[in-house]
Amino acid sequence: MIGRFLTSRVLNLILRFVIGGTFAYAAFDKVLNPAAFAMAVRGYKLIPFSLSNLFAIAVSWSEMFAAVMLILGILTRKAAASIFLLLIVFIAAISAVMVRGMVIDCGCFGEGGSHTSWILLVRNTLMLVGAFLIIRYNDGWLSLFPGTRARTTTTS
Amino acid sequence: MKSFLKELIGGIVVMIVATVVGVAVNAMRPTGGVALIQQGQAVSTAQHSETDSTAAAAPLAEGAISLAQMKEIFDAGSATIVDARSTTEYEEGHIPGAVNIPHDRIPEFMDVLNNEVPMEAHVVCYCRSLTCDFSDLLATEMKIIGYQNVSIFSGGWDEWTKAGYPTETGPR
């Protein structure tokens, strides 16, 4: 029963809209104002100072691309894979900050957002599972240009 | 599994394309966009610690200010003191005359910075204690904005209050 729910195309569509919507909303501010997001990136103290701006551009534009592709259904599984990888980076970065006992602006939704906390880790982990389900089970339903379809291309 | 890995590689390609487009758009912005390679250096006093066994031999990290120096600066009024903590903490108590610029809300506080912290002034940032990062983060961003002379009072609020020096409460 649960298995059928997890693999259902309705859940897949809902996940596309929820995760895509969240990422599009998150990326909007950051794409428009990369300097502010770069500030948040520097707050993590994880990547070289000099690369903070480039990293900020790479992350925010990847978020925007993947989100739009996910919502419209363009290479849907690849878009979900981008989001999957981004979420792994976010989870690792927030964990690293929390382990060091720092509390900083997470930079999640652009400026003045929430601070790093375990709630963010839970939220990101849930979206990670969602992205995995899209990659694993998306069958191209209600998609503009889905690319590879899970059910027709994989048997395992 | 094989199909999953294939999609992940596809995902990386999507991110590379997005980054290239992002860099291109950044370059085309009327303002010139942000610098791809950020110049300057992070301001950090992380090496400075009173309990550090090497502290006796090593001088304070560059730009770091001791409690005694801080008191002198305070008495002489020779620098603009900036509190990098949250507004709530600031209102509960701060060094008298300090300007509150929460380290993670700089864009919101640009007006305060422009009006109350002169570009050419000697600026001293502080936060909670030796172990907090907020003053380092704020100092780094202020240097990027264009402040030339930014120092950090590493001991922060804890050291100041333990020494029994004057404090002030409430909003500014």
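Is Tyr25(A) buried or exposed? Select Tyr25(A) and look: at 59% relative accessibility, Tyr25(A) counts as exposed. Exposed means over 50% relative accessible area, buried under 20%, and partly exposed in between (1.4 Å probe, protein chains only).

Before moving on, some ground rules. Residues are numbered from 1 along each chain as its sequence is written, and chains are lettered from A and ligands numbered from 1 in the order in which they are written. This is a predicted model, where local features need pLDDT of at least 70, side-chain atom pairs count only at pLDDT 80 or more, and totals for chains, interfaces and linings use all residues, while side-chain values use heavy atoms, with hydrogens and water left out.

**Stop 1: rings in chain A**

Rings of Phe, Tyr and Trp (its six-membered ring) pair if their centres lie within 6.5 Å; planes under 30 degrees apart count as stacked, over 60 as edge-to-face and the rest as tilted. Tyr25(A) lies in helix H2 (residues 9–32) and Phe109(A) in the loop between helix H5 (76–99) and helix H6 (118–137), so the pair ties together parts of chain A that are 84 residues apart in sequence. Helices (H or I, at least four residues) and strands (E, at least two) are DSSP runs, numbered from the N terminus. Phe109(A) is partly exposed, at 26%.

Now show Arg16(A) and Phe17(A). The charged end of Arg16(A) sits over the ring of Phe17(A), 5.8 Å from its centre. Then pick Lys30(A), which lies over the face of Phe37(A) at 4.6 Å from the ring centre. The rule asks for NZ of Lys or CZ of Arg within 6 Å of the ring centre and within 35 degrees of the ring normal.

**Stop 2: the H5–H6 loop**

Select Thr116(A). Thr116(A) is in the loop between H5 and H6 of chain A. Its relative accessibility is 6%, so Thr116(A) counts as buried. Beyond four places in sequence, its contacts (heavy atoms within 4.5 Å) include Tyr44(A), Ile94(A) and Cys106(A).

**Stop 3: confidence**

Colour chain A by pLDDT, the predictor's confidence in each residue, from 0 to 100. The mean for chain A is 90, and 94% of its residues reach 70 or more. Go to residues 152–156 of chain A, where pLDDT stays under 50.

**Stop 4: between the chains**

Show both chains. Select Met39(A), Phe49(A) and Trp61(A): they supply 18% of the area that chain A buries against chain B, more than any other three residues.

How many salt bridges cross the interface of chain A and chain B? The rule finds 5. It needs a side-chain nitrogen of Lys or Arg within 4 Å of a carboxyl oxygen of Asp or Glu. Find Lys45(A) and Asp133(B), whose closest N and O atoms are 3.4 Å apart in a salt bridge.

**Stop 5: chain B**

Chain B has 6 helices and 5 strands. Of its 172 residues, 46% count as buried. Ala64(B) lies in strand S1 (residues 64–65) and is buried, at 10%. Finish at Phe74(B), Phe153(B), Trp160(B) and Tyr165(B), which form one aromatic cluster.

Terms used. Buried area is the accessible area (1.4 Å probe) that two parts lose on being put together, summed over both.
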